[in-house]
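I opened my notebook to record what I looked up, entry by entry, beginning with a pair of helices and going on to the core.

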Amino acid sequence: MKIMAPLFSALFALLSANTMAESSMKSVTVTSSETPLAPIMIQGPMPIEAEYFASLLTDVRVEHSGNATFYLGTLNGHPIVVAKTGKGLENTAAATAIGISRYQPRIIINQGTSGGHDPKLNVGDIVLGEKSVNASNFKTPKLEAGEGSRPLNWIPMDLMASEGSAGEGDSATDAEKIRFYAGDETLLELAMSLSKEHKTGNVVKGTIGSGNFWNNEIDRIAWLHKNLGTSVEEMESASAAQIAHAYGVPFLGIRILSNNITNHGEYNPDTAEACQVFVKTVVEAYIASLPKPL
């Protein structure tokens, strides 16, 4: 046993030398990647309804797809996608689907200008979309040649009611109803809590009516206001809400009145920027409410 002692001592010395050699080597440790923050998507149809918000972002890059333009950047350190969707239901639906697929936003806010349906609302007021509705989905009654058209007798047509025909057959009866898309309650209440930050008008909850039309008929506007409960009309929010709902993305429409012919409120394009200023306030408050990363 005493003979083995020198051998163990030599082996220990060799291992110690190797350990010292290893500890003196240069090294680098690569940390695990953090989960990327999901962006907030802000939509606006026309340049005056999107480009001001895009100008607020830092480190902006621009991407295009179809008729849509996407501005990618950050606001208060959080990723933002501003989508200039183009006007109308079709452009907006396409831009929303592309935006969700490509950027996977955590929320979507569709904002911009609108025309008033409620005589109590004035140019510069903002309507938060408690509900949005496609105000152009209707079925007309059967009339013979020469009997004209009676738009005040049209009935609603819910295109999402079934996979069958919405106009004829057994499924048509189920489709004779109005389909509303509710705005996200958390976003709605957050925006409402900031109403005093909007300096050029009031902020109210209401129903946003969307359709590829520009109504100048007072009786038609009054009919939509009475039967669909519309506060304002525009051409985008309901289609964005429909697609956001299909993909499970929280959604809110925020629309400012740029005109209201029901009370002679004349068109004011400056309202587009005022709406984006308010939306910025909402987005900043939303970002501040998010849990801080560890």
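Predicted model: local features only at pLDDT ≥ 70, side-chain atom pairs only at ≥ 80, totals over all residues.

Residues are numbered from 1 along each chain as its sequence is written, and side-chain values use heavy atoms, with hydrogens and water left out.

I looked up the geometry: helix 2 (residues 47-55) packs against helix 8 at an angle of about 45°, and their axes are 9 Å apart. Helices here are DSSP runs of H or I with at least four residues, and strands are E runs of at least two; axes are lines fitted to C-alpha atoms over the stretch in contact, with angles from 0 to 180 degrees between N-to-C directions.

I then listed who makes the contact (heavy atoms within 4.5 Å): helix 2 gives residues including Ile 48, Tyr 52 and Phe 53, and helix 8 gives residues including Val 279 and Val 283.

Which residues touch the most other members of the largest nonpolar core? Of its 31 residues, I found Ile 42, Phe 53, Ile 80, Val 82, Ile 254 and Val 283. Such a core joins buried (under 20% relative accessible area, 1.4 Å probe, protein chains only) Ala, Val, Leu, Ile, Met, Phe, Trp, Tyr and Cys residues through side-chain atoms within 4.5 Å. Helix 8 (residues 271-289) supplies the largest share of this core, 8 residues.

Last, I checked Pro 79, which is found in strand 4 (residues 78-84), and whose C-alpha atom is separated by 20 Å from that of Cys 275.

Conventions: Buried < 20%, exposed > 50% of the residue type's maximum accessible area, 1.4 Å probe, protein only.
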